[in-house]
Amino acid sequence: QVQLVESGGGLVQAGGSLRLSCAASGRTFNTYAMGWFRQAPGKEREFVAAINRSSGRTYYADSVKGRFTISRDSAKNTVYLQMNSLEPEDTSIYYCAATSSGLYGSSSYTTPRNYGYWGQGTQVTVSS
């Protein structure tokens with residue numbers, strides 16, 4: 001079992017930056033692959049970024065590649081999402097997710113149903 005708590009959301013102007021944090025409970029943080037997803041009103045939840053549990057390999061949606069960076073700090077049991085060059089289209093609720101299941105292939109990291117644990121979400125609003 002792991003509990004996830006996101007923070008760092010807020011209102012920012014287009015072109016600005018935010019850093020989201022996701023603090024995980026428990027002492028087995030390194031056994032979980034971690035992901036960030038987002039969901040805007042009336043839309044399906046979509047993949048943003050993920051990081052595996054061992055090598056630190058990262059995965060990104062095409063829409064955020066080059067602008068967002070996911071990282072993890074095992075000493076703090078925390079995963080981060082650094083978001084730069086934000087656009088109004090990035091406005092959404094951002095969710096942190098974790099899975100202890102083995103994921104194989106990049107597509108497995110992008111699928112919400114492969115993650116068993118979710119945070120409560122944090123709102124990110126980008127004004128134009």
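A charge sits over a ring when NZ of Lys or CZ of Arg is within 6 Å of the ring centre and within 35 degrees of the ring normal. Keep that in mind for the first stop, and remember throughout that you're looking at a predicted model.

**Stop one: R45**

Select R45 together with Y95. The arginine lies over the face of Y95, at 3.9 Å from the ring centre.

**Stop two: the aromatic cluster**

Keep W118 on screen and bring in F37, F47 and Y115; these four form one aromatic cluster. Across the model, the count of aromatic pairs comes to six. One of them is F37 with F47, an edge-to-face pair with 5.7 Å centre to centre and 70° between the planes. F37 belongs to strand β4 (residues 33-39) and F47 to strand β5 (residues 46-51), so this pair ties together parts that are 10 residues apart in sequence.

**Stop three: Y59 and Y109**

Next, pick Y59 and Y109. Their ring centres are 4.2 Å apart and the planes meet at 15°; under 30 degrees counts as stacked, so stacked is what this pair is. Y59 is buried, with a relative accessible area of 11%, and Y109 counts as buried at 7%.

**Stop four: T111**

From Y109, step along to T111, in the loop between α1 (106-109) and β10 (117-118). Show its side chain and look back to S107, whose backbone oxygen lies 3.1 Å from a polar atom of the T111 side chain. T111 has a relative accessible area of 18%; the cut-off for buried is under 20%, so T111 makes it into that class.

**Last stop: a four-stranded sheet**

Finally, switch to cartoon and find the open sheet that runs β1-β3-β8-β7, with antiparallel pairing. At its edges are β1 (4-7) and β7 (68-73), each pairing on one side only. Neighbouring strands here are turned by 15° against each other on average, direction ignored. How many bridges join β1 to strand β3? Four, between β1 and β3 (residues 18-24), which run antiparallel. To see how they line up, select L4, which stands opposite A24 in β3.

Key. Residues are numbered from 1 along each chain as its sequence is written. This is a predicted model: local features need pLDDT of at least 70, side-chain atom pairs count only at pLDDT 80 or more; totals for chains, interfaces and linings use all residues. Side-chain values use heavy atoms; hydrogens and water are left out. Helices (H or I, at least four residues) and strands (E, at least two) are DSSP runs, numbered from the N terminus. Buried means under 20% relative accessible area, exposed over 50%, partly exposed in between (1.4 Å probe, protein chains only). A polar contact is a pair of N or O atoms within 3.5 Å; within protein, one must be able to donate a hydrogen and the other to accept it, and residues adjacent in sequence count only if both atoms are side-chain atoms. Rings of Phe, Tyr and Trp (its six-membered ring) pair if their centres lie within 6.5 Å; planes under 30 degrees apart count as stacked, over 60 as edge-to-face and the rest as tilted. Two strands pair if DSSP finds at least two bridges between them. Axes are lines fitted to C-alpha atoms, for helices over the stretch in contact, and angles run from 0 to 180 degrees between N-to-C directions.
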